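Good morning, and thank you for coming.

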Amino acid sequence: MSDLKTLETRADYQHFITIPTRWMDNDVYGHVNNVQYYSYFDTAVNRYLIDQGVLDIHKSDVVGLVVETQCRYYSSIAFPDDVIAGIAVTKLGNSSVRYEVGLFLGDTQKPSAQGHFVHVYVDRASQTPVALPAALRATLQKIAV
């Protein structure tokens with residue numbers, strides 16, 4: 001059994017970002033296609049890191065590579081909805097981080113979708129795992145649960 005926390009409601013998340021859906025996100029069934037949810041996860045986490053000044057997508061020597069993902073779907077999202085993405089860190093290792101992401105509509109307390117992904121931080125040039133830089137670790141601890 002895992003010792004990871006289960007995040008079930010909006011109150012469980014530590015940081016939020018609004019992501020507008022796009023017309024092209026919908027599939028022929030009239031709702032956002034499942035592949036787009038992973039894009040929302042990436043957008044929410046990387047936007048947080050960029051806004052906090054710990055990730056420069058062009059120049060950072062240390063970058064996170066996604067090594068694991070999962071998503072559970074509870075209710076449909078469709079264009080033109082705005083997605084409120086909540087993020088939290090549930091595991092902070094030496095070189096890896098597990099992010100939980102909940103996708104909410106409006107002021108709903110239960111997510112339309114919830115998932116996670118794991119970043120392993122590597123040296124950009126060698127692609128080998130490295131310890132999390134101090135500034136990155138401090139930024140991630142701000143949203144840890």
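Cys71 is buried, with a relative accessible area of 12%; buried means under 20% relative accessible area, exposed over 50%, and partly exposed in between, with a 1.4 Å probe and protein chains only. Please note that this is a predicted model, in which local features need pLDDT of at least 70 and side-chain atom pairs count only at pLDDT 80 or more, while totals for chains, interfaces and linings use all residues. Residues are numbered from 1 along each chain as its sequence is written, and side-chain values use heavy atoms, leaving out hydrogens and water.

What does Cys71 touch, not counting residues up to four places away in sequence? Its contacts (heavy atoms within 4.5 Å) are Tyr37, Tyr38, Phe41, Ala113, Gln114 and Gly115.

Cys71 is found in strand β2. Helices (H or I, at least four residues) and strands (E, at least two) are DSSP runs, numbered from the N terminus. Strand β2 belongs to an open sheet of five strands, in the order β1-β3-β4-β5-β2, with antiparallel pairing; two strands pair if DSSP finds at least two bridges between them. β1 (15-20) and β2 (62-73) stand at the edges with a single partner strand each, so one side of each is left without a neighbour in the sheet.

Within the sheet, nine bridges join β3 (residues 82-92) to the antiparallel β4 (residues 96-105). Lys91 stands opposite Arg98 in β4.

Let us turn to helix α2. In this helix, Leu136, Thr139 and Leu140 are buried. They cover an arc of only 95° around the axis, which puts them on the same side of α2; the arc is that of the directions from the helix axis to the C-beta atoms. The buried residues of α2 pack against α1 (34-51), β3, β4 and β5. On the face turned away from that buried side are the exposed residues Ala134 and Ala135.

Finally, the aromatic rings. The structure holds six aromatic pairs. Rings of Phe, Tyr and Trp (its six-membered ring) pair if their centres lie within 6.5 Å; planes under 30 degrees apart count as stacked, over 60 as edge-to-face and the rest as tilted. One of the pairs, Trp23 and Phe79, is edge-to-face, at 5.8 Å centre to centre and 90° between the planes. Trp23 lies in the loop between β1 and α1 and Phe79 in the loop between β2 and β3, so the pair ties together parts that are 56 residues apart in sequence.
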